Amino acid sequence: MRAYHLAVLAALPCLIPALLSAQGPDGPRIDSPFRSPIQFTDEATPPPIPADVTDDRRVARNYPEQPPVIPHNVRDYQLNLNTNRCLTCHSRQYTEAVQAPMISITHYVDRDGQTLGAISPRRYFCMQCHIPQTVAQPLVPNTFHDIDSMISRPSDGGAAK
Amino acid sequence: MRLKLPEFLLRPWRTLSSPSRYLSLGFLTLGGFAAGVLFWGGFNTALEATNKENFCVTCHEMNTNVYEELKQTIHFTNRSGVRATCPDCHVPHEWTDKIARKMQASKEVWGKIFGTINTRDKFIAMRRELAEHEWARLKANNSLECRNCHSAESMDITKQGARAARVHEAYLFTGQRTCIDCHKGIAHQLPNMEGVPPGWSETASGKGTIGHWLAGAEE
């Protein structure tokens, strides 16, 4: 009997996935907004990688504090302790030749409110906040309204209290 | 009084200047020709063998540092699959310049034997100096190795991004700058770039190597 038990135990790892996949389309699904509804034993075909937006056109900010997005290609841009490719165009002294927008003066202020002569270390790594865009479609609908559309929205007369 | 040459110099000269005694003229000319083909062919084959990427990356200094970095960049992986190998950028294609560069490279053999950059830390510590050598070389020959593939005449700036087109028109086509002034670190990681202004900056317009300490001193 002991050998029989051992044999059952050894077969379990093979049997469980077989049982799960035998449950058919009504089996457990993964319900996540980040992936299509498929069996977790199946492999989904990933969608093609979307192309970068590199049209050099500035994009309006959705709210005033939003870090502006990057409208150009940033492949192979080196951004580390040795060098900062972004600042070779966007820092104050280099904007004229390349006509790049200068980084905001808030980036020269350190956390104690002191204005420095160059970019503050806490603002050095640009792509922590500023990111390039792709042509990918949103996976879930976005219901965000900016402040202008909120103000111009007709009032409900104080009905919702 | 005539200067008497020593015997060990005179004897080979007499042998060379007198007619051949045992070997036929045909053997000497044809044999010389065949030997010449063998030696010259062998020399060029050996030269070509040391001018391949496989040869470069047999040294771990190249293989684990700069070659790994190259693999990430557009000069190794891109949509069309055309790629640059080490000698495409680092060895001149013209024969005379190539031989000159190969002789310079004997210093690199010295460095290999004595382990100048045989660890990652040593390599990073020397990176600025090594990079400045390459910047100076490309600056001096007007970025010849870039232009072997990227010619300004064939460059259609309407196909470029607006930024690139504007800067190329202002600086490249007018000859004010050369490729390496702006395109540093396109195939490898950069060293500490402190004091190296970008190619389009006004401070970079000085003579000599961009970012060289002499460039600021002349003003």
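**Chain contact, helix packing and a pocket**

In this predicted model, 15 residues of chain A are in contact, meaning heavy atoms within 4.5 Å, with 22 residues of chain B. Between them the two chains bury about 1,500 Å², of which 47% is on carbon and sulfur atoms; buried area is the accessible area (1.4 Å probe) lost when two parts are put together, summed over both. A:R75, A:Q78 and A:N82 supply 33% of the area that chain A buries against chain B, more than any other three residues.

Within chain B, helix 4 (residues 60-72) packs against helix 8 (residues 120-140) at about 65 degrees, with the axes 10 Å apart. Helices are DSSP runs of H or I with at least four residues, numbered from the N terminus, and axes are lines fitted to C-alpha atoms over the stretch in contact, with angles from 0 to 180 degrees between N-to-C directions. Helix 4 of chain B is therefore roughly perpendicular to helix 8 of chain B, a term that covers 65 to 115 degrees. At this contact B:N65, B:V66 and B:E69 of helix 4 meet B:R120, B:F123 and B:R127 of helix 8, a set of two nonpolar, one polar and three charged residues.

In chain A, the lining of the second largest pocket includes A:N62, A:Q133, A:P138 and A:F144, and by class this lining has three nonpolar, five polar and no charged residues.

Residues are numbered from 1 along each chain as its sequence is written, and chains are lettered from A and ligands numbered from 1 in the order written. Local features need pLDDT of at least 70 and side-chain atom pairs 80 or more, while totals for chains, interfaces and linings use all residues; side-chain values use heavy atoms, without hydrogens and water.

Definitions and conventions
Helices (H or I, at least four residues) and strands (E, at least two) are DSSP runs, numbered from the N terminus. Angles under 35 degrees count as roughly parallel, over 145 as roughly antiparallel, 65 to 115 as roughly perpendicular and the rest as oblique. Ala, Val, Leu, Ile, Met, Phe, Trp, Tyr, Cys and Pro count as nonpolar, Asp, Glu, Lys and Arg as charged, and the others, Gly among them, as polar. On a 1 Å grid over the protein atoms alone, a cavity is a set of points where a 1.4 Å probe fits but cannot get out, and a pocket is an open set with protein on both sides within 12 Å along at least five of seven lines; lining residues have an atom within 4 Å of a point.
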